[in-house]
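Q: Can you walk me through this one? I'd like to go through the strands, then the chain contacts.

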Amino acid sequence: MPTATDLVTDLPADFEVFGQAVDTRLKALQPGTTLGDLAYSSATANTNTRLPIGSNGQFLTITAGVPAWTTTPAGGKVLQVVYASTTTSTNIATTSLTSTTLTASITPSSASSKVLIIANNNIYNDTAGRGAAAAITTGATTLIHQTDGNNGGTFNLSDSRGSATIPIQYLHSPATTSSITYTIKATSIGGANVTFQNGNSPSNILLFEIGA
Amino acid sequence: MSYIAKAIKKLKPTAEFSFNNDDYATVHWDVLEGDAPSKSEIDSAIKQIKADELTQKQAAEAKFAALGLTTDDLKALGL
């Protein structure tokens, strides 16, 4: 920085030195070069760091202790929903797991996503003290089977006849981005006859992909 | 109850099975002793079951009539 005495001896040269010093200091404090750039303090005194402008929809976050742009966080969000229904009347009078014809497929967008399965089953029972136990399956794998090992689980009426819409849910972690088909199956307790979608009344299923 | 299911239970009491849309052609057998009943056997059993049900209904109505009751009386009682 020139002194007052210096200014008297060589004014033009001293102004040039002064101007360069000011320019260097301003550039250190305002390092932005592009519209939308941001600046934040660095570890060096009186020196800021340039954060280039992010992309559309990005959020400002902190990474390794400094500001950074990031894409929209996916955690906990519903990323997609699949709905399916069936009205195919299905009589099940067997203790073997049998498809009720209610099925739906989903292709997760991320292997870390979970799939929430919610199904509502229209069921008609015509044998007192007997019932049905519903299950959610994928391929040969049974994710949940609501049997109580006795006379029911999902549905059991002590009356001789009755119908109801019975829900079943499961939160699955498929760990894949390939298509998965979920099928509702059921067993009849004691081999009694149980009708799903009785009178072609619809049953439905919803698949929610939940971001990790 | 599906008449097909009733007929199968009548002909094969221990059988375990499933089917769709009341269609005999879709019957899947999980447990079956002996041969599967044919469609004509199922149809005959259904006719017999319906006839038995009608007979039972007529007998019940006759008993009510003998007591001076009608089906409207039963409805009034919530039955």
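**Strands and chain contacts**

A: Start with strand β9 (residues 130-138) of chain A: 7 bridges join β9(A) to β13(A) (residues 180-188), and the two run antiparallel. This is a predicted model, where local features need pLDDT of at least 70, side-chain atom pairs count only at pLDDT 80 or more, and totals for chains, interfaces and linings use all residues. Residues are numbered from 1 along each chain as its sequence is written, with chains lettered from A and ligands numbered from 1 in the order in which they are written.

Q: What counts as a strand, and as a pair?
A: Strands are DSSP runs (E, at least two residues), numbered from the N terminus. Two strands pair if DSSP finds at least two bridges between them.

Q: Which residue of β13(A) is opposite Ala132(A)?
A: Ser188(A).

Q: What about β7(A) and β13(A), parallel or antiparallel?
A: Antiparallel, over 6 bridges. Thr103(A) has Thr183(A) in β13(A) as its bridge partner.

Q: Switching to the chains. How many residues of chain A are in contact with chain B?
A: 15, against 13 residues of chain B. Contact means C-beta atoms, placed from the backbone, within 7 Å.

Q: Which strand of chain A gives the most to that side?
A: β6(A), with 4 residues. β6 (90-93) and β7 (98-106) of chain A each supply at least two.

Q: How does that side split by class?
A: 2 nonpolar, 12 polar and 1 charged. Asp, Glu, Lys and Arg count as charged; Ala, Val, Leu, Ile, Met, Phe, Trp, Tyr, Cys and Pro as nonpolar; the others, Gly among them, as polar.

Conventions
Contact = placed C-beta atoms within 7 Å.
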